[in-house]
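Thanks for coming. I will keep this short, so please have a look at the model while I talk.

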Amino acid sequence: MKTLKYAAATTMLAMALPASAQQLSIATGGTGGVYYPIGGGLAEMINNHIEGAQATAEVTGASVENMGLIMRGDADMATALADTVYQAYTGTGDFEGRQVENTRALASIYPNAVQLVVLAESDIESIDDLAGKRVSVGAPGSGTELNARAVLESNGISYDDFTAQRLNFNETADAIRDGDIDAGFWSVGPPTSSIMNLAATRDIRLISLTDEEIANAQEEEAVFAPYQLEAGLYDGMDEAVQTIGIPNVLVVNADMDEELAYQLTQLLFEHTDELIAVHPAANDTTVEFTMESTPVPLHPGAIRYFEETGVEIPDRLRP
């Protein structure tokens, strides 16, 4: 998708912030995924362009944990998968009884892809073949586990059918390489460093989902969409792989200062090239993607920025 060309002129970002907003924490994920470098890139952009603000990217267990950090005010911003964000906002799924209704979005920044990886010589050819195997379903408190479980359960596969291990991205790659597990799930923006490093040392394959399996998963999670991993994405990957994509959302607490939220949104969309230089996943950081993919209301500061640039905001994204 191409970034919208705005009629409005770019305004200055270097504006003083309230003292309470000067130290910003960005909840990301593990170091082997995309959340952490994207969060680090955003922190550097804030430090370089927003006067008086200093930001730090924090390593976390990713999506589920991050929503708790936002709810408690222990992080100022967080990246999280759209299905996790929606469940938190509505108090459904893993967030039943602990609704995070003060969730607001600044943007949807790029899509994750569910990636199921095995060694090339593995006898696993489909998700049905995971029965009786040792499988990493993602770190505890991660969106990867939510996505993996939704894909599996919607296709009649439960954790009782295999030995589930909850490992982060780097741990999953190491365990596959060493033969300690048979397969591992990633839900992350491709390409991701941990799979690239694994593919550099061992021959790997990625498992495709069938059209029926994708349709079943979409019935389970409305934010799922068909997604194709292109051939050549990783070493030895000769054919495209069909899987599922899920938007990633940059979320904040509704209590965030409106001026700060405005400046952060402005920074994200007027300096996107700096984020792309950190990771190619940010090529999808566009206003169009935000309007199409964001599952919860936008923060008023973000709305102000989009309105000033002439963007039509869907009613569902207004608080």
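First, the ground rules. This is a predicted model, in which local features need pLDDT of at least 70 and side-chain atom pairs count only at pLDDT 80 or more, while totals for chains, interfaces and linings use all residues. Residues are numbered from 1 along each chain as its sequence is written, and side-chain values use heavy atoms, with hydrogens and water left out.

Salt bridges, then. The term here stands for a side-chain nitrogen of Lys or Arg within 4 Å of a carboxyl oxygen of Asp or Glu. Searching the whole structure gives 13 salt bridges.

One of them pairs arginine 149 with aspartate 94, with 2.8 Å between the closest N and O atoms. This pair links distant parts of the chain: arginine 149 sits in helix α4 (residues 143-153), aspartate 94 in the loop between α3 (82-90) and β4 (103-119), and the two are 55 residues apart. Helices (H or I, at least four residues) and strands (E, at least two) are DSSP runs, numbered from the N terminus.

How accessible are the partners? I call a residue buried under 20% relative accessible area, exposed over 50%, and partly exposed in between, using a 1.4 Å probe and protein chains only. Arginine 149 is partly exposed at 21%, and aspartate 94 is partly exposed at 33%.

Next, arginine 177 forms a salt bridge with aspartate 174, the closest N and O atoms being 3.2 Å apart. Both lie in helix α5 (residues 169-178), three residues apart, about one turn of the helix. In general, an α-helix has 3.6 residues a turn, so residues three or four places apart point the same way. Arginine 177 is partly exposed at 33%, as is aspartate 174 at 35%. Elsewhere, salt bridges with shared partners join Glu258, Glu259, Arg304 and Glu308 into one network.

Now the helix, α6, residues 193-201. Which of its residues are buried? They include Ser194, Ile195, Leu198 and Ala199. These cover an arc of only 135 degrees around the axis, so they are on the same side of α6; the arc is taken from the directions from the helix axis to the C-beta atoms. What does the buried side pack against? The buried residues of α6 pack against β4, α5, β7 (183-188) and β8 (204-206), contact meaning heavy atoms within 4.5 Å. On the face turned away from the buried side are the exposed residues Asn197, Ala200 and Thr201.

That is all from me.
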